[in-house]
Amino acid sequence: MQPRNMSMSGVVDLAAVKAAGEAKQKAERARAESARTGGAPAPGRLIFHVDEAGFQQDVLQRSTEVPVVIDFWAEWCEPCKQLGPVLERLATEYAGQFVLAKIDVDANQMLFQQFGVQGIPAVFAVIAGQPVPLFQGAAPEAQIRQVLDQLIQAAEQQFGIVGTPVEPGAQDEGAEEAAPEVPESPQDLALAAAHQALDAGDLGGAVRAYQGLLADDPGNSEAKLGLAQAQLLERVQGVDATQVRKAAAESPADVKAQIAAADLDLVGGHVEDAFGRLVDAVRRTAGEDRDAARVHLLSLFDVIGGEDPRVVAARGALARVLF
């Protein structure tokens, strides 16, 4: 069991991008179903203990529906005894805008190490499978509230995750009633198959599957995102990175070389470098070369997502070069 993308350096993770798209669509479906039925999702636990065996389901999967705040604690830790009750009270007060997972570090050393915890108490969050460090130590309640408010806002704005309203009393540790599942449509099943092909490394199969989905539903943003990811990975598969970067460095005006290097930049997590490289290519060239660089840059925007601040900034830079 391995928490997904434990690097907190801001490097792009294509799996994380897909997870965000899945989480956003799932949240949108849940809201639509709630509006249709006039009811709220079935309540779940607000506060619960997590171990290594249950981390995948209780934290990573749950985080696609609601922000999961993690409290790393130990019985011998006096500051933990101060912070824990505050977090539990706030989890109850926020009533489903986030849930609180408590991890005993003595019993779960692997999780303790994988999160890179330096000392306890330490508080992290997981949104759409992605870990976010919040704070360490017994912080003042006002500061904790501010951090939680920012977390909830980011979860909604970036991933469409709005949490699940919970009835009073549902926060107790115990059995959790499962909400009735909405039957999956043929399109949902096809999308899941496309994601599975991408995760399995069947890039050609994933590309064909996403293209088939978009032929039937051109506005499917998740399929568009998946297709962009699969095509990017397909392009860089088997390339000699050293030769690609050498060619790009030696021939700044060679648009094909700059495009190939930009793909490597993006896969390597150097998002701004990839975008800046192609904006510069647009600036230096004209005619078909310029258009090729521009179109490829737009395709890389699709990999990251139009709302990402780095995409917004690059769109502005591109507009200034073009106009």
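**Salt bridges and a helix pair**

In this predicted model, the side chains of E250 and K246 form a salt bridge in which the closest N and O atoms are 2.8 Å apart. Both residues belong to helix α9, where a spacing of 4 residues places them about one turn of the helix apart. E250 counts as exposed, at 53% relative accessibility, whereas K246 is partly exposed, with a relative accessible area of 43%.

The structure holds 13 salt bridges, and another of them joins E141 to R145 at 3.1 Å, N to O. E141 is partly exposed at 27% relative accessibility, and R145 is partly exposed at 24%. Salt bridges with shared partners link R89, E93, E141 and R145 into one network.

A further salt bridge pairs D265 with R245, with 2.8 Å between the closest N and O atoms. Because D265 lies in helix α10 (residues 255–267) and R245 in helix α9 (residues 241–250), the pair ties together parts that are 20 residues apart in sequence. D265 is buried, with a relative accessible area of 4%, while R245 is partly exposed at 34%.

Helix packing can be followed in α6 (residues 186–199) and α8 (residues 221–236), which pack at an angle of about 20° with their axes 11 Å apart. The two helices are therefore roughly parallel to each other, and their crossing is left-handed. The contact is made by L191, H195 and L198 of α6 together with E222, A223, G226, Q229, A230 and L233 of α8; by class, this contact has 5 nonpolar, 3 polar and 1 charged residues.

Terms used
Residues are numbered from 1 along each chain as its sequence is written. This is a predicted model: local features need pLDDT of at least 70, side-chain atom pairs count only at pLDDT 80 or more; totals for chains, interfaces and linings use all residues. Side-chain values use heavy atoms; hydrogens and water are left out. Axes are lines fitted to C-alpha atoms, for helices over the stretch in contact, and angles run from 0 to 180 degrees between N-to-C directions. Angles under 35 degrees count as roughly parallel, over 145 as roughly antiparallel, 65 to 115 as roughly perpendicular and the rest as oblique. A crossing is left-handed if the near helix is turned anticlockwise from the far one by less than a right angle, and right-handed if clockwise. Contact means heavy atoms within 4.5 Å. Ala, Val, Leu, Ile, Met, Phe, Trp, Tyr, Cys and Pro count as nonpolar, Asp, Glu, Lys and Arg as charged, and the others, Gly among them, as polar. A salt bridge is a side-chain nitrogen of Lys or Arg within 4 Å of a carboxyl oxygen of Asp or Glu. Buried means under 20% relative accessible area, exposed over 50%, partly exposed in between (1.4 Å probe, protein chains only).
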